[in-house]
Amino acid sequence: MKAVVYTRYGSPDVLRFTDVEKPAPKDNEVLVKVRAVSLNRSDWEALRGKPAYARLGGLFRPRHHILGSDIAGRVEATGRATTRFQPGDDVFADILSYMGGFAEYVCVPERALAPMPAGMSYEEAAALPQAGAIALQGIQDKGQVQAGQRVLINGAGGGSGMYAVQLAKLAGAEVTGVDNAEKLEFMRSLGADHVIDYTRADFAGNGRGYDLILDLAAHRSARTYQGSLLPGGRYLYVGGSAATLLQVLLVGPLLGRAEGKKLRLLAVRLGAQHLGPMIALCRAGTIATIIDRRYRLGEVPEALRYLGEGHAKGKLVAIVD
Ligand SMILES: NC(=O)c1ccc[n+]([C@@H]2O[C@H](COP(=O)([O-])OP(=O)(O)OC[C@H]3O[C@@H](n4cnc5c(N)ncnc54)[C@H](OP(=O)(O)O)[C@@H]3O)[C@@H](O)[C@H]2O)c1
């Protein structure tokens, strides 16, 4: 089968679109013929080996040689111990722990798969899992956003941000989106009340405080974030620099305690089974999935470059046929 393969960390130049052996499912696995796979910043980070957490499990060489985690496709074969799926079933999943989605076929443990929601296209289903789970848990479950609250989403023009802005607006919040200049209009189109170009202005220290900061691109000190929260506010680290992550883990629980502020890592529960409310909102048309560009499987290196260079608004999807 065809796949996009890499064996060392680097730029998209280290990726090769090549023939590899088609995998065979183990007893607990399902072989999926991939029809669409979306790109996430986690793919970019695992390609580059940066930030440091992207090297967990592969300090010098990548642990997985085929990236790609958000897949939608059709069951081709099932392992002997599987019970939930039959060949021909349409399924989707976030396989961040296993990877392998930038390929024509991938073997996935049965427990990681969910039936594809009726009425959803392959590309829509592939766009949803990781970004949808981050947004849902960041805004609703852990963010607990209420009407009238001030919410800042740092990195709001990307995949998770696209869903998070819409969910926060749906909850009745006043939303500030932060991203680069190219994405300001996009964030407004999602419903953001205020937008900030991070290359020109700093949301920290602008005199405004927030009830929730959902940080998809964390690069500042935990103390700076603490200073941007209103009393009782929450800061949730999703992704960004390893130094900020360490600070949030080590001093986050102490910082701002007196004012009831909370600084925490959002450890996202990934998996299509956690996406129920998002699926319902997408199917009802209440939340839109914006796919900026579509690519062929062989164009994944180009797509990753587009994402890494800061152009992608919403999601990028590779169609596999
Ligand atoms: N915590 C968890 O359990 C968990 C699970 C899965 C994934 N993640 C992480 O979630 C993060 C976000 O993922 P995603 O797929 O939503 O990424 P994404 O689509 O790339 O969105 C991130 C956005 O942040 C912007 N950005 C970059 N630097 C910024 C800065 N200094 N200030 C403001 N915005 C900035 C990016 O724009 P540019 O184009 O300008 O760079 C991009 O638009 C990743 O780091 C991933 O590893 C976390």
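Predicted model: local features only at pLDDT ≥ 70, side-chain atom pairs only at ≥ 80, totals over all residues.
Residues are numbered from 1 along each chain as its sequence is written, and side-chain values use heavy atoms, with hydrogens and water left out.

**Around the ligand**

- Of the 26 residues around the ligand, the ones that come nearest are Arg-41, Glu-45, Ser-160, Tyr-198 and Gly-310 (a residue is near if one of its heavy atoms lies within 4 Å of the molecule).
- Look for polar contacts too (pairs of N or O atoms within 3.5 Å; within protein, one must be able to donate a hydrogen and the other to accept it, and residues adjacent in sequence count only if both atoms are side-chain atoms).
- A polar backbone atom of Gly-159 sits 2.7 Å from an oxygen atom of the ligand.
- An N or O atom in the side chain of Asp-179 is 2.7 Å from a ligand oxygen atom, and a polar side-chain atom of Tyr-198 is 2.7 Å from an oxygen atom of the ligand.
- On its own the ligand has 940 Å² of accessible area, and the protein covers 88% of that (Shrake-Rupley method, 1.4 Å probe; for residues, only the protein chains shown count as cover).
- α1 (41-48), α3 (129-141), α4 (159-170) and β9 (174-179) each give two or more residues to the shell (helices, H or I, have at least four residues and strands, E, at least two; both are DSSP runs numbered from the N terminus).

**Helix meets helix**

- The axes of α4 and α8 (residues 276-283) come within 13 Å and cross at roughly 85 degrees (axes are lines fitted to C-alpha atoms, for helices over the stretch in contact, and angles run from 0 to 180 degrees between N-to-C directions).
- α4 and α8 are therefore roughly perpendicular (65 to 115 degrees; under 35 is roughly parallel, over 145 roughly antiparallel, and the rest oblique).
- Tyr-163, Leu-167 and Leu-170 of α4 make the contact with Met-278, Leu-281 and Cys-282 of α8 (contact means heavy atoms within 4.5 Å).

- The peptide bond from Lys-50 to Pro-51 is cis, with omega near -5 degrees.
- Met-99 isn't a glycine, yet has a positive phi of about 60 degrees.
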